[in-house]
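Me: I would like a close look at a single part of this structure, taken slowly and with the terms spelled out.

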Amino acid sequence: MTVEAAILLPLFLLAILTIGYLIRMTATGEGVFHVLADQSGAVAAAACLGGLDPEGEGPELPGEFSAAGMVRRTAVIAELKERIEAETRGRAESVRVSEYQYLYEEGSLDGQIRIGVSYRVSIPFDLGRYDSLSFTDVLQTRGFIGAAAKSPAGDPAELEKESFAHPVYVFPKYGERYHEPGCSRVASCSEERFLTRSLRSQYEACKVCSPASLPEGSRVYCFPETGEVFHRGSCPSVERHVCEMDRAEALKKGYSACQLCRGE
């Protein structure tokens, strides 16, 4: 019995110590990932402050290496390391943000945010002797920036040349009627266009919404009768806009004729 106890007792103590170390590593890992997930969520939520407007044509997103991006990166890294050390009570050592990518594109996915954290957990083997294991956690999410509106396929210049058998104008967001080009209800409204070189030469970029940086093919808005500039859809100048389509298409979409111009 004494011999069996002498053999089994060290194994039992070793098993208890191993379980204790595993619990220590698991708790530390959960603490690190909890902070990483919470911090990534905060970064994703804050992205809406510089994200796309409801039309999908908002200001350019601040890149990782822009001035705003570098300030954000430094603040996130500092707060992340501080929170991990506090959450794990110092059990996570040598904490380092190994990866930080902000609002980048990956294949067909835009607005991606990826943050990685490396750390070490010490394990005491016997009195005065320690070793450590290295871990890396990576979390990828998407910023709360909305969905970018995709321009119709094709050459933007060709889109401007599109012609209709019987062109009419509709208010896509607010109206239920279609109007003739000469109707007084559409004369003073902005018109939806696709941004082309030709349009850039005819109109100047609005100084309020700064649409000059938009790529060709983006939806922009002009006032053909009275304006000399083109705007983003989010510009305060563009409250209501009209778009051109064929009368047959307007009828198919449920629009009825304007009672003023009769739509004929």
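Which strand is joined to strand β6 by two bridges, and do the two run parallel or antiparallel?

Reply: This is a predicted model, in which local features need a pLDDT of at least 70 and side-chain atom pairs count only at pLDDT 80 or more, while totals for chains, interfaces and linings use all residues. Residues are numbered from 1 along each chain as its sequence is written, and side-chain values use heavy atoms, with hydrogens and water left out.

The strand in question is β10 (residues 241-246), which is joined to β6 by two bridges and runs parallel to it; strands here are DSSP runs (E, at least two residues) and helices are runs of H or I (at least four residues), numbered from the N terminus, and two strands pair if DSSP finds at least two bridges between them. Within this pairing, Ser190 stands opposite His241 in β10.

Strand β8 (residues 219-222) is joined to β6 by four bridges, and these two strands run antiparallel. Here Glu191 has Cys222 as its bridge partner, and Arg193 stands opposite Val220.

Both pairings belong to an open sheet of eight strands with mixed pairing, in the order β7-β9-β8-β6-β10-β4-β5-β11. Its edge strands are β7 and β11 (256-257), each of which pairs on one side only.

Four of the five residues of β6 (residues 190-194) are buried, so the strand is largely enclosed by the rest of the structure; buried means under 20% relative accessible area, exposed over 50%, and partly exposed in between (1.4 Å probe, protein chains only). Arg193, which is found in β6, counts as buried because its relative accessibility is 18%. The side chain of Arg193 also makes a polar contact with the side chain of Glu191, at 3.0 Å, where a polar contact is a pair of N or O atoms within 3.5 Å; within protein, one must be able to donate a hydrogen and the other to accept it, and residues adjacent in sequence count only if both atoms are side-chain atoms.

As for the setting, the protein chain has six helices and 11 strands, and buried residues make up 36% of its 264 residues. The chain averages a pLDDT (the predictor's confidence in each residue, from 0 to 100) of 76, and 78% of the residues score at least 70. Confidence is lowest in helix α3 (residues 156-160), at a mean of 54, and highest in strand β7 (residues 204-205), at 90. Where pLDDT is low, the predicted coordinates should not be read in detail.
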